[in-house]
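Hi,

Here is the structure I promised to pass on to you. Have a look at it first, and my notes follow below.

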Amino acid sequence: MTSVNTAKFSLITIAAGAVVMAFAHWVHVDYLFFASYTILQFIVLATAWNILGGYCGYVNFGSAAFFAMGAYASVFMHKFYPLPVPVLILISAIVSGIAGFGMGYLTLRLRGSFFAIATLALAVVLQTLVVNWDYVGGSRGAYIIRPEELEFAGITINYIEYLFGLMLLLTVIALITARTIERSQLGFGFATIRDDELAAEASGVPTLRLKLIATTISGAFMGMAGAPFPYYIGYLQPSSAFGLEYAVNSIAMPMIGGTTSWIGPLVGAILLGSAQQYATVTISSAVNLLIVGLMLVAFVIIAPNGLVGLVQGWRRAWRKP
Amino acid sequence: MDISWDLLLNAIAAGLLLGGFYAAVTAGVSISFGMLDIVNIAHPAFVILGSYLAYFININYGLDPILVSILMLPFFYALGASVYQVYYLSFEKRGQEALRGLAFFFGLLFVTEVSLILVFGVDYRYVEAAYIGPSLHIGIVDFPLRMLVPCLAALALFIGIQLIITRTFIGRAIMAVSQDQMALQLMGVDPIRIKRIAFGISIATAAVAGALLIIIQPVEPSVGREYIGRVFAICVLGGLGSMPGTLIAAMLLGVVESITATFYGPSWAPAVAFGFLLLTLAFRPAGLLGR
């Protein structure tokens, strides 16, 4: 690929984000904000998953748990002491980051599959806790009244546009973080763990520390993606925050896009996310989840490196003859 | 503290019966995860599939659910063997089981669950049999037949598997493949064939476990997810691949869950398994009877 340095890449990504924002503001259809918010949220989740899953090779099945932790941290703060959403995003990042670190510390010293199993169980247990915790609504769920608009420096902004803007900013930050990690020493360390952990350990790579860094960053971003969610949806109940679609999509999107670089989750999330927005409206949400599941199985069997891998393969085939 | 003794005794009895059933659900994972090192997180989904088949045949043809599950054994065996074949060719052979193999089983779990939702809907389903309803009373302790029959059937299944593994050639070959695949190959046995058979057996147990599950409680497609944590907690706590350990761990988890449900409310029960799992992983990863 091209050798764009990190500063240039950041500028390009921020510019792209600004263009998207300007375009959305110019079109100004509420449905567009709603639909693209979901897609942006999936880009953040998929990118976050990929920092641990794609770069280190450790599977996290508990994306829904980290996402819900962020969402419920917001609900808790909303009831306890209402704060602006950007602050809530930071709080959620800290909560989910610590949870990621704790999970990693307990299970990452063992074989990789134990971590995967523990994350799978984590979602069930956190859901149990939330269902039994009346302060954040329990099994009945919690209402969050979303203001119609927001006054900021004398300008009034439509609230959903504000949430969309925040999520866009998060997406930009997540993509820049992922790409920076990929090209840094940290990223090379992650890659050694993915390729051969034993050899990495033997050559003096501090594998446990690197894995803990990865789970913390990954968990924090998932929490950040969840933080604005209660405001977006207006009524949060455990079954929607812990929805299966978060767990499956945040795995399926990087797997289908390609796990080795930042562009894979982006491509996968945009493709699958828009397809699902379309299918949910036209067919039904159960059928579209079935399609995602089947695509995941098909892609891991047939195209192990995802769409990005397929494209790279074709380009190589073009150049050869 | 004033503990009501008959409540406690009943909770322990119910827990032991529940534990017997958990042992049947875990038996398959004990083979696939414990012995073959295949992280089959889709196992509970196969269990639920077994439940729905038992339900479907029971309601339409009036056959006993346990009998149905025994008739289903060959089909589930064939299903398991073919899943392993795909898994081997796509992941194990290429050395990609860690990331993509897990994603594959996750996909299977998901596809099975959503397909069942599409076919049967999300309503709870249950079966009919003569032993659902009456109870056996011994002193102050109740043994509902709805729990007792599945527990006995589960123990029979468990003993059967233990006999197969320790007494037959195939069983010993399975043990051997879990210890040293290369050595087995040098002895002139095809390890892939042995693993295929073992995985087939592990999925076949899901047919029985599924039928037992739907006798114990009404089933809906997402019930399986609650069992993922339980099954792996039992498997790890028992010591990977140790069948007696699995049985002890299953009974222990059943009793603790039952006591939790009796004294703190059933909505807390799912958290118990996770606590077990984390504590085991943190303090004794080799399990109770680990090698």
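**Confidence and conventions**

Helices (H or I, at least four residues) and strands (E, at least two) are DSSP runs, numbered from the N terminus. Chain A averages a pLDDT of 86, and 97% of its residues score at least 70. Where pLDDT is low, the predicted coordinates should not be read in detail.

This is a predicted model, in which local features need pLDDT of at least 70 and side-chain atom pairs count only at pLDDT 80 or more, while totals for chains, interfaces and linings use all residues. Residues are numbered from 1 along each chain as its sequence is written, and chains are lettered from A and ligands numbered from 1 in the order in which they are written.

**Chain B**

Chain B has 11 helices and two strands, in the sequence order α-α-α-α-β-β-α-α-α-α-α-α-α. Its C-alpha trace spans about 60 × 45 × 35 Å along the principal axes. The radius of gyration of chain B (taken over C-alpha atoms; the globule rule is 2.2 Å times the number of residues to the power 0.38) is 19 Å, which agrees with the value near 19 Å for a compact globule of 291 residues. Of those 291 residues, 52% are buried, that is, 20 or more other C-beta atoms, placed from the backbone, lie within 10 Å of their own.

**Where the chains meet**

In chain B, 35 residues are in contact with 35 residues of chain A; contact puts the C-beta atoms, placed from the backbone, within 7 Å. The elements of chain B that give two or more residues to this side are α4 (97-120), α9 (223-238) and α11 (269-283). Helix α4(B) provides the largest share, 15 residues.

Leaving aside neighbours within four places in sequence, A:A121 is in contact with B:I228, B:G229, B:A273, B:F274 and B:L277.

**One helix of chain A**

Among the buried residues of α14(A) are A:L289, A:V292, A:L296 and A:F299.

Best wishes

Methods:
Two residues are in contact if their C-beta atoms, placed from the backbone, lie within 7 Å. A residue is buried if 20 or more other C-beta atoms lie within 10 Å of its own, exposed if 12 or fewer, and partly exposed in between; C-beta atoms are placed from the backbone. pLDDT is the predictor's confidence in each residue, from 0 to 100.
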